[in-house]
Every structure is written in structure tokens, then in C-alpha cells.
Amino acid sequence: LTYILNPGGAFGVLGDRQGLLLGVSLLAVAAILFTVFRSVRTGYVWPVGLLLGGALGNLADRIRYGKVVDFIDLGFWPVFNLADVAIVAGAALLALAMLRRGGHDRGERVDHA
């Protein structure tokens, strides 16, 4: 475990642009929420949930500290956090779900009532 405050995005990219990264994080959360409430289809609940959870986790750090708290250090990879794991897992599951559907979204709508 290694405690660092990452001012940038993935791999520290745009470390001097905290305002931009905060704006992008807010837009990502808004887009995910729009997707969730508009038409989450069977097979997309877990990927979207992981993406939203990861985005909210990193957004909370950006709002609180102005940076993201990273702490998982594998030694051969840049230090990261659990929110990053959730985002990567969500993106991978989303890609897998889309590939399994063959590019055709025929899933059933989930009723939020």
C-alpha cells in the first residue's frame, strides 16, 4: 500500500488541469445517471453500476481533496484505487455485454417503477 494524491487522470495525465478533470468527472456521472434512468437494459446493470460507483468515488476525492487518493501499489503498475478498478471492470463488462449482443441491443427494459 502506498498513499499518494494523484492530481491528474489515469497515469497522472493532465495533472495541472484539476478544473477540467472535475468537469469531466461531473459530466461522466451525469451521463451515466442519464443512461441509468433512461434505459438500463438487462445485462447492463452491473457494468453501469460499476462505472457509476467508480466515477462517484473518484469525484468525491476530487471534490474533497482536489486530487484522487490512490493507494494500491503493485510495483510494476502506477498506483491506483478501488474506484479505478470499478471503472475498468465496468468498462470491460459493458464491452463484453455489447459484444455478446452482436451490436444489436435487443435487451428488455428494466422497469424503475
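Helices are DSSP runs of H or I with at least four residues, numbered from the N terminus. The model described here is predicted. By this naming, Tyr 65 belongs to helix α2, which covers residues 45-65.

The overall layout comes next. The protein contains 3 helices and 2 strands. Along the sequence, these elements follow the pattern β-α-α-β-α. The protein has 113 residues, and 28% of them count as buried.

Helix α2 was considered in detail. It has 21 residues. From the first C-alpha to the last, α2 reaches 30 Å. That span is close to the 30 Å expected at 1.5 Å a residue. Several residues of α2 are buried, among them Pro 47, Val 48, Leu 51 and Leu 52. The buried set also includes Gly 54, Ala 55 and Leu 59. Asn 58, Asp 61 and Arg 62 are buried as well. Tyr 65, also in α2, has a relative accessible area of 39%. Buried means under 20% and exposed means over 50%, so Tyr 65 is partly exposed. Tyr 65 also takes part in a nonpolar patch on the surface, together with Tyr 3 and Leu 5. The three residues have about 330 Å² of accessible area together. After α2 comes Gly 66. The phi of Gly 66 is positive, near 80°.

Helix α3 spans residues 82-100 and has 19 residues. It reaches 27 Å from its first C-alpha to its last, close to the 27 Å expected at 1.5 Å a residue. Its buried residues are Ala 83, Ala 86, Gly 90 and Ala 97. Seen down the axis of α3, these buried residues fall within an arc of 50°, so they line one face of the helix. The cover over the buried residues of α3 includes α2. The face of α3 turned away from the buried side carries Val 88 and Leu 99, which are exposed.

Ala 97 gives one example from α3. Its relative accessibility is 13%, so Ala 97 counts as buried. Ala 97 and Pro 47 are 50 residues apart in sequence. Their C-alpha atoms are 8.6 Å apart in space. Pro 47 is itself one of the buried residues of α2.

Tyr 44 sits in the loop between α1 and α2. At 11% relative accessibility, Tyr 44 counts as buried. Tyr 44 and Leu 96 are 52 residues apart in sequence. From C-alpha to C-alpha, the two are 9.9 Å apart in space.

Helix α1 covers residues 18-39 and includes Gly 19. Gly 19 has a relative accessible area of 58%, so it is exposed. Gly 19 and Arg 62 are 43 residues apart along the chain. Their C-alpha atoms are separated by 9.4 Å. Gly 19 is exposed, whereas Arg 62 is buried.

Notes:
Residues numbered from 1 in each chain as written. Predicted model: local features only at pLDDT ≥ 70, side-chain atom pairs only at ≥ 80, totals over all residues. Heavy atoms only, no water. Patch = residues over 30% accessible without salt bridge, like charges linked within 9 Å, V, L, I, M, F, W, Y side chains within 5 Å. Areas by Shrake-Rupley, 256 points an atom, 1.4 Å probe, with all protein chains shown as cover. Salt bridge = Lys/Arg side-chain N within 4 Å of Asp/Glu carboxyl O. Buried < 20%, exposed > 50% of the residue type's maximum accessible area, 1.4 Å probe, protein only. Expected span 1.5 Å × (residues − 1). Arc of directions from axis to C-beta. Contact = heavy atoms within 4.5 Å.
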